[in-house]
Amino acid sequence: DVSPVVAGLIGATVLVVSVSVTVFVWTCCHQQAEKKHKNPPYKFIHMLKGISIYPETLSNKKKINRIRRDKNGTPKELGRGNLLVDAAESGLIGSDKALDGPSAAPQVDQLPIKVDYGDELSPDQSLTPGGSKTSSPSSPGDDVMLGELTFSVDYNFPKKALVVTIQEAHGLPVMDEHTQSSDPYIKMTILPDKRHRVKTRVLRKTLDPVFDETFTFYGIPYSQLQDLVLHFLVLSFDRFSRDDVIGEVMVPLAGVDPSTGKVQLTREILKRNIQKCISRGELQVSLSYQPVAQRMTVVVLKARHLPKMDITGLSDPYVKVNVYYGRKRIAKKKTHVKKCTLNPVFNESFIYDIPVDLLPDISIEFLVIDFDRTTKNEVVGRLILGAHSVTAGGVEHWREVCDNPRKPVAKWHSLSEY
C-alpha cells in the first residue's frame, strides 16, 4: 500500500546512513592504525622570546657532524651512516621506592593535616639513606652507569638563536620497582646566568625515551657561546612523591662549534654532584616543638645575600614552606612577598600539628622564590630540615629542636642550588 515515492525515499535514506556509518568506522580504524605506527607520536618545537623557527629547515645544506666523547674526553667524529653507541649494558642502578619500615604507611591517616596527593611536587629531591632516595655526592670518575643522553646543538645566525634538540636517552636505570621502569623527563638550563629553563614532556614506562624536542633560545650572540654551559638534569616523574633525580650532564659550549652545521653529541649521564652546588644566599629560620600540644612552630626570620634575579639588580623574594611526612607533602604555606631587596626580613610564623611519634619522619622544606608578575616565578634556593636534611647544619638544627622541647632554636643556613 506504500507509494513508490515514499518507498524510494526510505530506501535512499537507509542507503545514505549505511554508507556514512561505514565510512566513519573505516576512518576511525585507519587513524587508530596510523597512531600505533608513529614513533615518536609527535615532534615538539619549542620557542622562546620570538617567532618559532624550525632548525631542520635551516640546516638542509649544512654538514652534520656527529661527535662522541669517550671517558678521556677525546672527541671522535662518526660517519654519516653510523649509529651512536648505545648505553652501557650493565651496572644499571635500581632505586627502592619503599618507605622506611613497615609501620610508616599506616600512620599517614592519623595525621591531623590533610594529605594533598594532587599538589604540585617540589623541585629535585634529596632524601637521607633511610628514605631510599638519595642524591649523594659523586665524582665524574665513579663507575656508576646511568645511561647516555643524545642531543644536538645548532646556531641560527640571522636570528641570533641557539637551537638545542634533546633527541633521546638510552640505558636509564629502573626508578620504579613495581613497574621495573621509569617515567623520564629532562630539565635543561643554560649556565651561568640560568635565565633559560626548559623541560621536556614526561615519557611513561621506558628506559630508552625518545624525546625529539627542539628548544630555541633567542638573543644569544655567537661570541658568547664559548662562555656558556648546557646543563641537562635527567629525572623520573613520581605522582605521589618527589621526582627522582637520575643524573645530570654538563656540556661546556667552549668545545662545540655549531657554525659549520648541526653538531650531534652523546654524553654519559653522571650522578648529581651536590658539592658543586653554588650557594644561593642564606636563610634564617627558627623552630620549636611543644610536646604537650604536639605542635611545631616554624618562624621564617630573614634572608641575606640572595642572588640578583631581576634586571634591576634586585629580587622580589618570598618563602614557601612545605612539610613532608616521609616523601608525601602534608602541608604547605608561604610568606608575603618582599619587594626589591636581596636581604628581606619576613618574621612570619606557621604552626603545624604533628604527633610526637611521627616527628622522626617529618621534613620541612624552605623554598626561597623570586616573584615575577609577568613570567613564571623562579626558585632561588632551598633548605631542608628534618629527616631528609642533606647538610650537617640542617641535621644539627633538627637534633637541637628535638632535644630541647619548648625552646625556639634559630640558625642561619646556606641555601643550596635546587
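Modeller: Two strands are said to pair if DSSP finds at least two bridges between them; strands are DSSP runs of E with at least two residues, helices runs of H or I with at least four, numbered from the N terminus. This is a predicted model, in which local features need pLDDT of at least 70, side-chain atom pairs count only at pLDDT 80 or more, and totals for chains, interfaces and linings use all residues. Residues are numbered from 1 along each chain as its sequence is written, and side-chain values use heavy atoms, without hydrogens and water.

Colleague: How many bridges join strand β14 to strand β17?

Modeller: Nine bridges join β14 (residues 317–325) to β17 (residues 362–370); at least two are required, so the strands pair. They run antiparallel, and V319 stands opposite V368 in β17.

Colleague: What makes β15 and β18 the edge strands?

Modeller: The order is β15-β14-β17-β18 in an open sheet of four strands with antiparallel pairing. β15 (328–334) and β18 (378–386) each pair on one side only. Neighbouring strands are turned by 20 degrees against each other on average, direction ignored; axes are lines fitted to C-alpha atoms, for helices over the stretch in contact, and angles run from 0 to 180 degrees between N-to-C directions.

Colleague: Which helix lies across β17 and β18?

Modeller: Helix α3 (residues 392–403) does, running at about 50 degrees to β18; contact means heavy atoms within 4.5 Å.

Colleague: What does the secondary structure of the protein chain come to?

Modeller: The protein chain has three helices and 19 strands. Residues 24 or more positions apart account for 69% of its contacts with a separation of 6 or more.
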